[in-house]
Amino acid sequence: MSASGPFPASLRRVYWETTAGCNLRCIHCRRQDVLAKGAPDELTTAEGLKLIDDLALMGKPVLIFSGGEPLFRRDIFELMAHARGRGLPLALATNGTLVGDAMAKKLKDAGVYYASISLDGATPAVHDAFRGAGNFERAVRGLKAMKAAGISVQVNFTVTRRNVHEVEAMHRLVSEIGGFALYLFLLVPVGCGVSIAESDMLPSSEVEKWLKWVSAVDKPGMLPVKAICAPHYFRVSHELTDPEGPIAEDRKGCLAGIHMCFVSHKGDVTPCGYLPVSAGNVRENPFGLIWKSSQVFRDLRDPSLLEGRCGSCEFARVCGGCRARGWFASNDILAEEPFCAYEPAAAGK
């Protein structure tokens, strides 16, 4: 392993699950207990304001208001106003179905500069099979409304066996409707996704095929396309574009606990929204103390601790493997990525 040691803690993004409430019941949601309204144990307004104050002391990372559906939270605009006043860049992760022209303008006025909307099919039939009848049209309407209001909107597409045939059509659709970027998420078996993991997760060989496709289409001047929860993309990209060159030493793959983290609706700080291993709770300790001192985060920042194929891999620093899928397979946040096809050169030595 490289002698350059553990990665320094450099917080860039914080995803806050402001509420467990949501108007949809998606079959692949990372949550299992989606509620018709906010949970009684979610952070109060006062606790949310305190969290925002703590984040403002952390170099002002981007704060992504997430859920559930964040627009379900009654005080969401009060929280946004406070975050904006503390100088935090504001983003929104929404299903888009509750956003019309008036809501889009309100979000823009609140300081939201960037948003993501999930489309899991390029056609209503495929998308609505994941998210319910009529929700494709509602999500597209929300995207167009936010774009018209001056908010940059990326489309999140969770790739599974049942919709992978629409990846290229989704690329065309997002380009046509003016999306800012297309993010292709590999399914992570957590929450509701556990029940469809066996039937819907792509085999590692097909993952390789689509990661090569991303490398081919993500070019300057074109619609940005990113592979998310697919850290081995950076190994694939290296093999395709600069196989004889040096391997990057900075982490570009799994950023969980290194450059980003997740705060649950009840205050648990976890490496990401798909890895339900708590590093601490903001009701008990300040966010900054958890980020800097948690053993969970310290372990994730040290690539020399990775196990199995990830531990012997020459791409360990730049990739790191998906820690959530490793945890799902082995109940160990440092276990090897089970859906990577690569066999490290050092594995057999």
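The structure, which is a predicted model, holds seven aromatic pairs. Among them is the pair of Tyr-113 and Tyr-114, whose ring centres are 5.9 Å apart and whose planes meet at 50°, so this pair is tilted. A pair of aromatic rings is described by the distance of the centres and the angle of the planes.

**Tyr-113, Tyr-114 and their cluster**

- Tyr-113 is partly exposed, since its relative accessible area is 37%, whereas Tyr-114 counts as buried at 16% relative accessibility.
- Tyr-113 and Tyr-114 also belong, together with Phe-180, to one aromatic cluster.

**Tyr-233 and Phe-234**

- Another aromatic pair is formed by Tyr-233 and Phe-234, and this one is edge-to-face, with 5.3 Å from centre to centre and 80° between the planes.
- Within this pair, Tyr-233 counts as buried at 11% relative accessibility, while Phe-234, at 26% relative accessibility, counts as partly exposed.

**Arginines over aromatic rings**

- Arg-301 lies over the face of Trp-291, where the distance from the ring centre is 4.4 Å.
- Arg-317 is placed over the face of Phe-7, at 4.2 Å from the centre of that ring.

Note on methods: Residues numbered from 1 in each chain as written. Predicted model: local features only at pLDDT ≥ 70, side-chain atom pairs only at ≥ 80, totals over all residues. Heavy atoms only, no water. Phe/Tyr/Trp six-rings, centres within 6.5 Å; stacked < 30°, edge-to-face > 60°. Buried < 20%, exposed > 50% of the residue type's maximum accessible area, 1.4 Å probe, protein only. Lys NZ or Arg CZ within 6 Å of the ring centre and 35° of its normal.
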